[in-house]
Amino acid sequence: MRANYKTVNLYGESEFVIQKSRFLSFVKRVETEQEALDFIQDIKKSHHTATHNCSAYIIGEHDQIQKANDDGEPSGTAGFPILEVLKKQQLKDTVIVVTRYFGGIKLGGGGLIRAYGKAASEGIAATGVVERKLHTLVKTSIDYTWLGKVENEVRQSDYPLKEIVYEEDVELFLYVPEEDQGIFQEWMMELTNGQAVIATTGHKFLEFDI
């Protein structure tokens with residue numbers, strides 16, 4: 001299972017004009033290639049009168065699926081620059097479609113590469129980037145005599161508190177980064193003089209804005 005990686009927020013879009021040509025960027029987070037293809041088709045249907053709907057996507061833990069499509073623009077001037085922006089920003093599970101409405105002035109190969117690269121970058125900026133970090137959901141069981149001290153320390157810590165369950169003992173459920181498991185256990189044992197009972201109950205990715 002992957003640990004930490006960067007991707008975009010769920011969806012975003014942007015628009016700018018160069019030499020009377022409109023460039024619209026549509027950005028989405030996807031988990032499968034089929035989701036990416038469906039998204040591209042949806043944009044093409046919505047903008048079927050556009051001159052071009054160029055696209056690129058990167059999917060997979062090891063970026064094993066990478067595709068780019070120039071959609072009628074000169075080879076290597078549209079899809080490839082979009083893909084390069086994704087790679088440069090180290091984004092995973094992301095698809096971008098850049099729709100162009102031609103304004104009558106040709107941009108040339110270099111101009112197209114710059115325009116599509118800019119469109120991809122602005123689309124990503126408008127969407128926002130997050131880091132997804134794998135956390136373990138940890139259950140910490142303590143006697144009620146420790147509750148005030150432990151809860152106060154937990155709420156001041158960097159470990160997100162999911163919930164507190166009041167049973168025979170108090171059970172605090174916290175999200176702990178994978179790399180902090182040992183540190184967390186040592187900290188909790190120190191707080192409770194070794195009386196806490198700690199167990200792993202699951203895993204979840206938490207997202208943090210970059």
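Lys92 counts as buried, at 16% relative accessibility, where buried stands for under 20% relative accessible area, exposed for over 50% and partly exposed for what falls in between, computed with a 1.4 Å probe on protein chains only. The model in which this residue sits is a predicted one, so local features need pLDDT of at least 70 and side-chain atom pairs count only at pLDDT 80 or more, whereas totals for chains, interfaces and linings use all residues. Residues are numbered from 1 along each chain as its sequence is written, and side-chain values use heavy atoms, with hydrogens and water left out.

The side chain of Lys92 meets that of Asp63 in a salt bridge, with 3.0 Å from N to O; the term stands for a side-chain nitrogen of Lys or Arg within 4 Å of a carboxyl oxygen of Asp or Glu. Because Asp63 belongs to the loop between E4 and strand E5 (65–69), and Lys92 to the loop between helix H2 (79–88) and E6, the pair ties together parts that are 29 residues apart in sequence. The letters H and E follow DSSP runs numbered from the N terminus, helices (H or I) having at least four residues and strands (E) at least two. Asp63 itself is partly exposed, with a relative accessible area of 24%, and has a positive phi of about 55 degrees although it is not a glycine. Asp93 also lies in the loop between H2 and E6, and this residue, which is not a glycine, has a positive phi of about 50 degrees. With a relative accessible area of 7%, Asp93 is buried.

Seven of the eight residues of E6 (residues 94–101) are buried, so the strand is largely enclosed by the rest of the structure. Strand E3 (residues 21–29) pairs with E6 in the antiparallel sense over eight bridges, pairing being assigned where DSSP finds at least two bridges between two strands. Within this pairing, Lys28 has Val95 in E6 as its bridge partner. Strand E4 (residues 52–59) also pairs with E6 in the antiparallel sense, over seven bridges, and here Cys54 stands opposite Val98 in E6. In a regular strand the side chains alternate between the two faces of the sheet.

Helix H3 (residues 108–127) can be followed next. At 1.5 Å a residue its 20 residues should span 28 Å, and the end C-alpha atoms are 28 Å apart, which agrees; the expected span is 1.5 Å times one less than the number of residues in the helix. Buried residues of H3 include Gly111, Leu112, Ala115, Tyr116 and Gly117, and Ala119, Ala120, Gly123, Ile124 and Thr127 are buried there too. Just after H3, Gly128 takes a positive phi of about 95 degrees.

The salt bridge described above is one of eleven. Another joins Arg155 to Glu151, with the closest N and O atoms 2.9 Å apart; being four residues apart in helix H4 (residues 147–155), these two are separated by about one helical turn. Arg155 counts as exposed, at 55% relative accessibility. Lys162 forms a salt bridge with Glu163, in which the closest N and O atoms are 3.5 Å apart, and Lys162 is partly exposed at 43% relative accessible area, as is Glu163 at 33% relative accessibility. Salt bridges that share partners also join Arg29, Arg132 and Glu207 into one network.

A pocket here is an open set of points on a 1 Å grid over the protein atoms alone, where a 1.4 Å probe fits, with protein on both sides within 12 Å along at least five of seven lines, and lining residues have an atom within 4 Å of a point. About 180 Å³ of space lies in the largest pocket, a volume being the space filled by probe spheres set on the grid points. By class, the lining has two nonpolar, no polar and six charged residues, with Asp, Glu, Lys and Arg counted as charged, Ala, Val, Leu, Ile, Met, Phe, Trp, Tyr, Cys and Pro as nonpolar, and the others, Gly among them, as polar.
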